[in-house]
Amino acid sequence: MSSVDWVLFDLGGVLVEVDQPKIFSALAAGRRMNPADVEARLKAAVHVWNPFIEREFTPSELAGLVNSLLGSSLSDG
């Protein structure tokens, strides 16, 4: 089995087209939120995305902030 050298996570959909509604639905599953609420919370969180884009915190810290916004337990993996 080969190892992974790097993984690209394209938050803004600039390099890779992503199905955002599917992502919001997956994040809402198992929580008392609907996909529209997840989308609204994530898109309103400029205090999270802008510093992350500027490398002011790590992907692990990003996962923690997203967990705080959604009440989830995502890992940075």
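The questions and answers below go through this predicted model step by step.

Reader: What is the average pLDDT of the protein, and which element has the highest mean?

Author: The model is predicted, and where pLDDT is low, the predicted coordinates should not be read in detail. Here 87% of the residues score at least 70, and the protein averages a pLDDT of 82. Among the elements, α3 has the lowest mean pLDDT, 83, while the highest mean, 91, belongs to α2.

Reader: How are helix α3 and helix α4 oriented relative to each other?

Author: Two packed helices are described by the angle between their axes and the distance between the axes. For helix α3, residues 46-53, and helix α4, residues 59-70, the axes are 10 Å apart and the angle is about 170°. Angles over 145 degrees count as roughly antiparallel, and therefore α3 and α4 are roughly antiparallel to each other.

Reader: Which residues meet where α3 packs against α4, and how many of them are nonpolar, polar or charged?

Author: From α3 come His47, Val48, Trp49 and Phe52, and these meet Pro59, Leu62, Leu65, Val66 and Leu69 in α4. Sorted by kind, the residues of this contact are 8 nonpolar, 1 polar and no charged.

Reader: In the largest nonpolar core, which residues touch the most other members?

Author: In soluble globular proteins, nonpolar side chains tend to be buried together. Leu42, leaving aside neighbours within four places in sequence, is in contact with Phe24, Leu27, Trp49, Val66, Leu69 and Leu70. Of the 13 residues in the core, those touching the most other members are Val38, Leu42, Leu62 and Leu70.

Reader: Where along the chain is Arg31, what does Arg31 touch, and how accessible is Arg31?

Author: Arg31 sits in the loop between α1 (20-28) and α2 (35-44). Although Arg31 and Leu70 are 39 residues apart along the chain, their C-alpha atoms are separated by 8.6 Å, and Arg31 touches Ala26, Leu70, Gly71, Ser72 and Ser73 when residues up to four places away in sequence are not counted. The relative accessibility of Arg31 is 23%, so Arg31 counts as partly exposed.

Reader: Is Arg55 buried or exposed, and what is its relative accessible area?

Author: Arg55 belongs to the loop between α3 and α4. Its phi is near 60°, a positive value in a residue other than glycine. Since exposed means over 50% relative accessible area, Arg55 is exposed, with a value of 77%.

How values were computed: Residues numbered from 1 in each chain as written. Predicted model: local features only at pLDDT ≥ 70, side-chain atom pairs only at ≥ 80, totals over all residues. Heavy atoms only, no water. Axes fitted to C-alpha atoms, helices over the stretch in contact; angles between N-to-C directions. Helix = DSSP H or I, 4+ residues; strand = E, 2+ residues; numbered from the N terminus. Parallel < 35°, antiparallel > 145°, perpendicular 65-115°, else oblique. Contact = heavy atoms within 4.5 Å. Nonpolar A, V, L, I, M, F, W, Y, C, P; charged D, E, K, R; others polar. Buried < 20%, exposed > 50% of the residue type's maximum accessible area, 1.4 Å probe, protein only. Core = buried A, V, L, I, M, F, W, Y, C linked by side-chain atoms within 4.5 Å. pLDDT = per-residue confidence, 0-100.
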